[in-house]
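Colleague: I have not worked with this structure before. May I put some questions to you once it is displayed?

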Amino acid sequence: MTDLLERSSELAALDRLLAESAAGGRVAVVSGEAGAGKSTLAAAFAEAAGPRAQTLWGACDPLLTPRALGPLHDIARRLGGTLRERIAAGARAEVFDLLLEALDRPPQAARPVVVLEDLHWADEATLDMVVFLGRRLALCRALLLITYREEEIGTDHRLRAVLAGLPPGLVRRVTLPPLTPAAVGELARRAGRPASEVYDVTGGNPLLVTEVLAAPARDVPATVRDLVLSRVAALSPEAREVAHLVSVVPSQSGVVVDRLDAVEECLDRGVLTARGNGVAFRHELLRRAVEESLSPVRRSALHAEILAGHAGRAGVEPARMVHHAHHAGDTAAVLHWAPIAARRAASLGAYRQAAAHYLQALPLLPSPAPTLGPETARERAALLEDYSVAAYHGGLTPEALEARREALALRTALGDEVRVGENLRWISRLSWWLGRPGEARDAGFRAVEVLEAQAAGRELAAAYSNLSQLFMLRHEVERAIGWGVRATELARRLGDLDTEVHALVNIGSAKTLAGDVEGIGELRRAHELALAAGLDDHAGRALVNLASFAVDGYELTVAGETLERIIPFLVARDLDGYVRHLLGHRARLHLARGDWDAASRDAEQALDGPPQPGGAVVPAMVVQAVLKARRGSPDALEAAQAAADHGYPTGEAQFLCPAAIALAEAHWLAGDVERAAIEAKKGLAVAERFGQKWFVGELAFWLWRCGGERTPGAATPFRLLIDGDWRGAAAFWQERDCPYARAEALAHGDEAAVTEAVRIFDRLGATARSRVLRADLRERGRPVPRGPRRPSGTGLTARQHEVLVLLAEGLSNADIAARLTVSAKTVDHHVSAILAKLGVSSRGRAAVVARELNIGNSPHVPDQRKP
């Protein structure tokens with residue numbers, strides 16, 4: 001950009017954010033079309049900030065497959081020290097912490113500014129880093145400046161979800177529009193050019209304006225391609241060759257070219273610009289225009305030249321080598337570099353990028369055929385197996401299973417029985433994730449059968465542990481522990497800590513399911529053991545199991561503590577499948593505790609991503625369905641049926657039973673008692689077979705409510721209610737901080753209890769349930785409590801109105817929580833929402849507003865008037 005015209009307000013906005021970061025981190029999100037001047041704005045801001053800022057630059061490149069944590073590599077080179085050493089070693093979680101530590105300890109009097117450019121090209125690990133920083137930025141005084149092209153991110157681009165998840169109060173969005181005709185006219189006047197002609201050609205795009213004004217006055221090219229090619233054509237053959245060579249390197253960093261005179265000519269003519277120790281095009285649009293002007297043969301030759309020039313150099317980035325090898329058509333180089341790049345990406349938690357690298361190599365080896373040579377077959381099988389692991393961790397389970405099946409066929413043809421057994425064990429695991437438990441058990445037993453015929457090795461120990469896991473998931477506790485013990489004994493003899501920890505997680509999980517409190521401690525110890533050994537998947541699974549079991553059994557304190565600990569761990573390690581699954585369980589926790597807004601947010605986040613077969617997202621689907629049913633949404637039955645369609649085929653209690661409960665409740669609230677009973681019976685049969693007393697209890701309650709008989713084996717609160725002890729059931733749920741369940745118990749009580757139940761349903765926004773209860777009271781000729789009153793014009797919900805009344809009375813959050821029988825954390829959320837909706841910054845101001853609005857009687861006080 002020749003001049004930063006019409007960008008003063010944007011610069012001022014960035015400067016304000018830098019100043020505000022003194023009180024806690026801030027995020028600037030700068031967007032615009034290609035050539036809008038995003039990088040120029042960032043550079044001008046950094047220059048204006050001067051010594052007030054320590055600017056750390058990182059950029060994403062349009063490589064065939066993005067380099068994992070590419071921007072952080074750029075930043076690490078600037079910071080040096082431990083961060084640079086550890087990122088080279090692939091220690092992802094550690095380097096995230098090291099970056100945060102560097103931001104928290106900047107040079108004296110300087111504020112850290114992290115500039116991440118072109119995030120539309122970012123890899124998954126880089127986007128996870130943005131999420132990591134966004135959640136922690138408030139703890140350090142730094143500014144995160146993000147740039148991206150609006151036209152490059154579609155509705156399903158993950159960057160959209162990442163940006164939406166940044167803390168709203170810390171973020172300022174800056175959109176760069178094209179320059180106005182007046183601004184273009186001013187720049188044209190300075191260059192002695194006709195203003196209208198320049199604007200007509202460029203549309204106000206700053207990059208194009210700059211290029212047009214740099215072109216000869218007699219010839220105004222119509223496109224950016226014409227602009228740059230006309231300039232390249234004027235170079236000497238040697239300089240033109242340098243420009244062509246640089247054009248095939250999509251990079252924000254400079255390309256080192258050992259042709260000094262030719263390089264100087266490119267710089268003097270404005271074709272290239274100095275960048276670090278090398279040269280580059282000023283903009284990606286200019287580079288791409290030159291690259292696309294080359295014939296395919298010429299491009300391939302230039303990529304080959306770059307590839308040869310980097311071979312044997314220290315510190316070469318494997319992802320770049322894959323890019324050049326692919327475009328050079330060098331099969332041997334792709335087969336060499338792709339696995340290296342994949343392993344590097346996987347070590348940094350960028351599993352999808354790792355899978356993409358393997359996919360570059362696989363087509364270069366012949367597909368299975370009768371004439372396939374054994375060496376090629378082994379090489380292809382190994383690539384398929386490595387790809388399967390990366391795809392599994394990246395949430396691409398169907399692709400992972402398909403690869404394993406092809407690898408199994410190759411290993412079978414080769415007679416490699418150990419690898420056959422290993423692939424069968426993986427097929428078992430992947431089949432379970434896809435909701436095929438029968439296929440999982442068949443493959444699991446076949447794996448053991450094959451491997452027991454070989455010398456006992458790690459593969460057999462893993463196969464034993466896999467069966468232990470499958471039986472644990474079916475609540476067959478004794479068989480789970482038996483196979484788990486066999487696995488741990490063999491693994492310890494072999495020194496196989498990986499399998500030992502996997503089996504320990506299975507044993508601890510089985511004990512926890514059986515109600516043995518020792519299981520909780522064993523799961524926590526397994527987590528710590530896995531953590532110390534760097535076994536992230538096992539460390540995650542130990543607490544994933546503990547959290548989900550705790551939610552199932554309404555051990556909500558244990559569940560909350562575990563979820564708070566494990567979800568950040570999983571996010572930092574890109575274990576997306578686990579994260580989405582656990583967000584569904586956290587949504588169930590919020591649902592039980594009456595924080596329905598938080599429940600809805602978690603459920604939406606869990607479901608916001610590629611479709612996942614099997615039961616992984618059933619918990620989130622169940623929460624969405626239950627909220628819709630209780631709130632009276634017209635699509636409640638459709639949502640509940642969708643959850644059942646995902647959960648029922650698995651045959652697993654953990655997925656099938658919650659879906660059956662949601663569908664039964666939705667039908668009951670819709671007035672279809674007969675269909676509600678049918679769904680409750682379906683779920684109850686599975687819950688009883690698995691011996692899951694909490695699912696048995698809730699499904700037995702729904703069956704009883706629909707007129708069915710009492711069912712033995714129900715968990716305490718459901719048994720109490722079915723037996724007529726509504727007070728005992730209500731007290732149980734009050735102790736567990738479960739307002740909706742408490743209201744359900746009170747709804748079966750005396751007049752005062754029913755009145756309180758109606759109040760609770762109203763506070764929660766359970767309009768459908770409240771409507772059913774009021775209709776029942778009218779039918780029986782009993783008093784019907786009046787509906788909730790909300791102050792007009794504030795946008796507060798009934799519950800927030802109630803909290804505001806108590807807040808105005810001077811009660812603390814803890815006192816309000818005790819008065820309303822909810823958690824203090826829930827009250828914290830409500831108070832934050834109240835302050836935002838009233839547009840005030842303190843509790844005191846909120847109380848003043850409450851008095852000004854004459855907000856008085858809290859709706860939790862029983863209203864004795866008849867309706």
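Colleague: What is the mean pLDDT of the protein?

Modeller: The model is a predicted one, in which local features need pLDDT of at least 70 and side-chain atom pairs count only at pLDDT 80 or more, while totals for chains, interfaces and linings use all residues. Residues are numbered from 1 along each chain as its sequence is written, and side-chain values use heavy atoms, with hydrogens and water left out. The pLDDT is the predictor's confidence in each residue, from 0 to 100. Of the residues of the protein, 93% reach 70 or more, and the mean pLDDT is 87.

Colleague: How are helices α1 and α2 oriented to each other, roughly parallel or oblique?

Modeller: Helices (H or I, at least four residues) and strands (E, at least two) are DSSP runs, numbered from the N terminus. Helix α1 covers residues 8–20 and helix α2 residues 38–49; their axes are 10 Å apart and the packing angle is about 55 degrees. Axes are lines fitted to C-alpha atoms, for helices over the stretch in contact, and angles run from 0 to 180 degrees between N-to-C directions. Under 35 degrees counts as roughly parallel, over 145 as roughly antiparallel, 65 to 115 as roughly perpendicular and the rest as oblique, so α1 and α2 are oblique.

Colleague: Is the crossing of α29 and α31 left-handed or right-handed?

Modeller: The axes of α29 (residues 576–593) and α31 (residues 618–631) come within 7 Å and cross at roughly 30 degrees. A crossing is left-handed if the near helix is turned anticlockwise from the far one by less than a right angle, and right-handed if clockwise. The crossing of α29 and α31 is left-handed.

Colleague: Which residues of α21 meet α19?

Modeller: Helix α19 (residues 374–393) and helix α21 (residues 417–433) have axes 12 Å apart at an angle of about 25 degrees, and they are therefore roughly parallel to each other. Glu385, Ser388, Val389 and Tyr392 represent α19 in this contact. Their partners in α21 are Arg419, Asn423, Trp426, Arg429, Leu430 and Trp433.

Colleague: Is Arg149 buried or exposed?

Modeller: Arg149 is found in strand β4, residues 143–149. Leaving aside neighbours within four places in sequence, its contacts are Gly32, Ala34, Lys38, His120, Trp121, His283 and Glu284. Buried means under 20% relative accessible area, exposed over 50% and partly exposed in between (1.4 Å probe, protein chains only). Because its relative accessibility is 4%, Arg149 counts as buried.

Colleague: Which residues does His357 touch, not counting residues up to four places away in sequence?

Modeller: His357 has its place in helix α18, residues 351–361. With a relative accessible area of 2%, His357 is buried. The residues that His357 touches are Thr65, Pro66, Ala319, Val322, Ala338, Ala341 and Ala342.

Colleague: Where is the place of His475?

Modeller: His475 has a positive phi of about 65 degrees, although it is not a glycine. Its relative accessible area is 18%, so His475 is buried. The place of His475 is in the loop between α23 (458–473) and α24 (477–494).

Colleague: What separates the C-alpha atoms of Ala598 and Glu264?

Modeller: Ala598 is found in helix α30, residues 596–607, and is buried, with a relative accessible area of 5%. Ala598 and Glu264 are 334 residues apart along the chain. Their C-alpha atoms are separated by 59 Å.

Notes: Contact means heavy atoms within 4.5 Å.
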